[in-house]
Amino acid sequence: MDFHRHKRYSFIMAMKQRLKNIRAALILLIVSAPLAFASTPPTVTLDEAIEAAEENSISLESARISLSMALRNADAVMTTFMPDISATASVTTGGAFPGTNPVALGFTGIGTDLTEPAFLGLSVNASLNAQFSFTGNMINDDETRRLEKESARLSYENTWNTLSDAITAAYWKIAAQDAAIESARISYEDAKAQYANASDMYDSGLIDELSLLQLELSLKNAELQVRSLEDAREIMISAFSDMTGIDGDFSVAPFPGLTLLSLPSPEDLFAQYGENAISVKMARSSLSIAENSVDTAKLSTYVPVLTASVGYSYSGSG
């Protein structure tokens, strides 16, 4: 009889405590609902995050500038076929001092030495030269420039893909962290309820102090776990803001559930999608550039150099 009375008393006390917890939770929910609704941070989608990163990323902007410079240099065909042009010009003048023989200076009709300073006039010399040399590497110039453009575009695409993959991974890590925090909070609330029930039972002499201390330790560990996960999330948000340029408080979409995929064999996947992988494209581009460099070196070695030049010069005095 004592055992059944003790068990019934424990059950009644546990139910009372649960009702108290439910009542307190409902009051807290009613009081905090308007405030929570007013301060709910906006949800940022993955596409919005990638778009923001594309607009604010320094590395991507640097890649854009490098791409623009590479395309501009590759389009400057005249730097290869423009002849070397040089022009020179000079103007000289002079004078004669008293005592100088005018005949020696080109003056005629004067038989005596000069008695006054004399101006000798101006002498003008000008020349214009143009030279063009044809070398073997010019034969391959068009292919070389095409490969340079392709390599520059692939480099930019690789930078963009790297940024997009990093944003995607960081985004879903935050979503997974939110799910872990929610699970930890549920565990904390459960540990809190167990500790409250144990406290009532301890006050009634139904459990010993060791059992109460063990539940208190579990409660502290659950609280520490929640705080640790929340601190880690703050670090993730800070890093995510640096990558995307999104400031202020925001939330991400819930972490999606697991999806079971039925994929073909690795050989079939590579045969179908391997050529579209950026790493494969860059490897093939590097191979083409190396082969083109070999051909260019051969042409430069075995094709004779042809040089044509033209010049014009003028000189006069007066």
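I began at Asn129, which I found in strand 3, where helices (H or I, at least four residues) and strands (E, at least two) are DSSP runs numbered from the N terminus. I note that this is a predicted model, in which local features need pLDDT of at least 70 and side-chain atom pairs count only at pLDDT 80 or more, while totals for chains, interfaces and linings use all residues. Residues are numbered from 1 along each chain as its sequence is written, and side-chain values use heavy atoms, with hydrogens and water left out.

**Entry 1: Asn129**

I looked up the exposure of Asn129 and read a relative accessible area of 36%, so Asn129 is partly exposed (buried means under 20%, exposed over 50%, and partly exposed in between, with a 1.4 Å probe and protein chains only). Setting aside neighbours within four places in sequence, I listed Asp84, Ile85, Ser86, Val310, Gly311 and Tyr312 as the contacts of Asn129, contact meaning heavy atoms within 4.5 Å. For Asn129 and Asp84, I noted a C-alpha to C-alpha separation of 8.2 Å in space against 45 residues in sequence.

**Entry 2: the nonpolar patch**

I then turned to a nonpolar patch on the surface, formed by Met78, Met82, Ile85, Val91, Leu122, Val124, Leu128, Tyr312 and Tyr314, with about 920 Å² of accessible area together. The elements giving two or more residues to this patch are strand 2 (84-96), strand 3 (118-134) and strand 5 (306-317), and strand 3 gives the most, with 3 residues. I recorded the rule that patches are made of residues with over 30% relative accessible area and no salt bridge, with like charges joined within 9 Å and nonpolar side chains (Val, Leu, Ile, Met, Phe, Trp, Tyr) within 5 Å; accessible areas come from the Shrake-Rupley method with a 1.4 Å probe, and for residues only the protein chains shown count as cover. Tyr314 has its place in strand 5, and I logged Tyr314 as partly exposed because its relative accessibility is 47%.

**Entry 3: helix 3 against helix 5**

I looked up how helix 3 (residues 58-75) and helix 5 (residues 141-203) pack, and found an angle of about 170° with their axes 9 Å apart, the axes being lines fitted to C-alpha atoms, for helices over the stretch in contact, and angles running from 0 to 180 degrees between N-to-C directions. Helix 3 and helix 5 are therefore roughly antiparallel (under 35 degrees counts as roughly parallel, over 145 as roughly antiparallel, 65 to 115 as roughly perpendicular, and the rest as oblique). Among the residues that meet here, I noted Leu60, Ala63, Arg64 and Leu67 of helix 3, and Ala152, Tyr156, Trp160 and Leu163 of helix 5.

**Entry 4: salt bridges**

I took a salt bridge to be a side-chain nitrogen of Lys or Arg within 4 Å of a carboxyl oxygen of Asp or Glu, and by this rule the count comes to 8. In helix 3, Arg64 and Glu61 lie 3 residues apart, about one turn of the helix, and their side chains form a salt bridge at 2.8 Å, N to O.
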